[in-house]
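Colleague: I would like to learn how to read charged pairs and pockets in a model. Can you take me through one?

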Amino acid sequence: MPIYEYRCACGLRFEKLQPHPEAPAPGCPDCGAEPAKLPSAAAVLGKAGAGLAREEMPQTWRGTYNGNREYVTKLRRDWDQRQRLEQRHPELAGDTRPVLAHEGRYHDKPLRAGDPLPGDGGKEAPKAGGHGHFHGHGHGHAHGHGHAAS
C-alpha cells in the first residue's frame, strides 16, 4: 500500500497508508476535518523535496548563521523555487496569515493574525495590518495601550 501525505486546514501534516489513490482522505487526527492530499515528491535519483515551507524558514538572525552570505543566498534561491511551486500547488502554501509573535511562549506555535490570544478570554489577535501592543518594544506612547496619560 502506498503512503500519502496530507495537510489539514488546522496546520497538521501527516502521512497515511491508503489502499489506492482514489481512497477517500482520512479524517485529521487532531480536529477530524477532511485534509487535502499533497502532491508526492518525485523519485529521481533519490527523493526530490518541496523545499522549506514558510513556517520552516529561519525566523532569527542566528537562524541564518548570523547572516552568512552563502546560506542567505541559498535560502533566497530555495524560497523563490518554493513560491513558484506554491503557485502551481496552493495546497502546499499552508497558513499564510502574518506571524505576529514567534519568540518566548510563541516559540513552538507562532501567534498569527486572527488567532485567539491566550489568557485573554478568546479575544483575537489583530488582523493583518492591525497594530497590537504585545511585541515588546516602545513606541514613545504613554502606558495604557496608546492613550495619553492624564
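**Charged pairs**

Modeller: The side chains of Asp-115 and Arg-97 meet in a salt bridge, at 2.8 Å from N to O. This is a predicted model: local features need pLDDT of at least 70, side-chain atom pairs pLDDT 80 or more, while totals for chains, interfaces and linings use all residues. Residues are numbered from 1 along each chain as its sequence is written, and side-chain values use heavy atoms, without hydrogens and water.

Colleague: What counts as a salt bridge?

Modeller: Side chains of opposite charge can pair when their charged atoms come close. The cut-off is a side-chain nitrogen of Lys or Arg within 4 Å of a carboxyl oxygen of Asp or Glu. The whole structure holds six salt bridges.

Colleague: Which salt bridges share partners with Asp-115?

Modeller: One network joins Asp-95, Arg-97, Arg-112 and Asp-115. Within it, Asp-95 pairs with Arg-97, the closest N and O atoms being 2.7 Å apart.

Colleague: Is Asp-115 buried or exposed?

Modeller: Asp-115 is buried, with a relative accessible area of 12%. Buried means under 20%, exposed over 50%, partly exposed in between (1.4 Å probe, protein chains only). Arg-97 is partly exposed at 32%, as is Asp-95 at 26%.

Colleague: What is the volume of the second largest pocket?

Modeller: Rolling a probe the size of a water molecule over the atoms shows where empty space is left. The second largest pocket (an open set of points on a 1 Å grid, with protein on both sides within 12 Å along at least five of seven lines) has a volume of about 430 Å³. Its 19 lining residues (an atom within 4 Å of a point) include Asp-95 and Arg-112, which are among the closest to its centre.

Notes:
1 Å grid on protein atoms, 1.4 Å probe; cavity = no way out; pocket = protein on both sides within 12 Å on 5 of 7 lines; lining within 4 Å. Points joined across faces, edges and corners; volume = space filled by probe spheres on them.
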